[in-house]
Amino acid sequence: MKTLNYAVTVGLASLLSYWLTTTIMSNVHLSHEDGQLGGMCAVIATIFVLRTSRQKSLHAAFARRCRRRS
């Protein structure tokens with residue numbers, strides 16, 4: 001269930017970052033291809049940020065759990 005929640009979160013965050021980036025870039029009067037490329041970069045950045053945040057959160061949770069047992 002946690003994996004499904006994470007997948008949905010990443011999917012929605014990626015969709016939102018893509019939409020925002022392409023919308024903002026189209027308002028700046030860049031070419032369509034530049035807007036698409038910017039949206040793709042935003043999605044990749046979103047995935048890396050959420051992945052790193054999740055790994056740090058899990059690592060911190062495991063570290064706290066191990067300290068309590070000691």
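This is a predicted model: local features need pLDDT of at least 70, side-chain atom pairs count only at pLDDT 80 or more; totals for chains, interfaces and linings use all residues.
The chain has 70 residues. Its secondary structure comes to 2 helices and 0 strands. Buried residues account for 16% of the chain.

Start with helix α1. The helix covers residues 2–27. It holds 26 residues and spans 37 Å between its first and last C-alpha atoms. The expected span is 38 Å at 1.5 Å a residue, and the model comes close to that value.

Which residues of α1 are buried? They are Val10, Ser14, Ser17, Thr21 and Thr22. What does Thr21 touch, once its neighbours within four places in sequence are left aside? Its contacts are Gly38, Gly39 and Ala42.

Now move along the helix to Ala13, another residue of α1. Ala13 has a relative accessibility of 24%. Buried requires under 20% and exposed requires over 50%, so Ala13 is partly exposed. With neighbours within four places in sequence left aside, Ala13 is in contact with Thr46 and Leu50. Val43 gives a further reference point. The C-alpha atoms of Ala13 and Val43 are 8.1 Å apart, although 30 residues separate the two along the chain.

Turn next to the surface. Where does a nonpolar patch form? Leu16, Trp19, Leu20, Ile24, Val28 and Leu30 make one up. Together these side chains belong to residues with about 590 Å² of accessible area. Leu20 is one of the patch members, and its place is in helix α1. Is Leu20 buried, partly exposed or exposed? Its relative accessible area is 38%, which lies between the 20% and 50% cut-offs, so Leu20 is partly exposed.

Leu20 is partly exposed and contributes to the nonpolar patch.

Conventions
Residues are numbered from 1 along each chain as its sequence is written. Side-chain values use heavy atoms; hydrogens and water are left out. Helices (H or I, at least four residues) and strands (E, at least two) are DSSP runs, numbered from the N terminus. Buried means under 20% relative accessible area, exposed over 50%, partly exposed in between (1.4 Å probe, protein chains only). Contact means heavy atoms within 4.5 Å. Patches are made of residues with over 30% relative accessible area and no salt bridge: like charges are joined within 9 Å, nonpolar side chains (Val, Leu, Ile, Met, Phe, Trp, Tyr) within 5 Å. Accessible areas come from the Shrake-Rupley method with a 1.4 Å probe; for residues, only the protein chains shown count as cover. A salt bridge is a side-chain nitrogen of Lys or Arg within 4 Å of a carboxyl oxygen of Asp or Glu. The expected span of a helix is 1.5 Å times one less than its number of residues.
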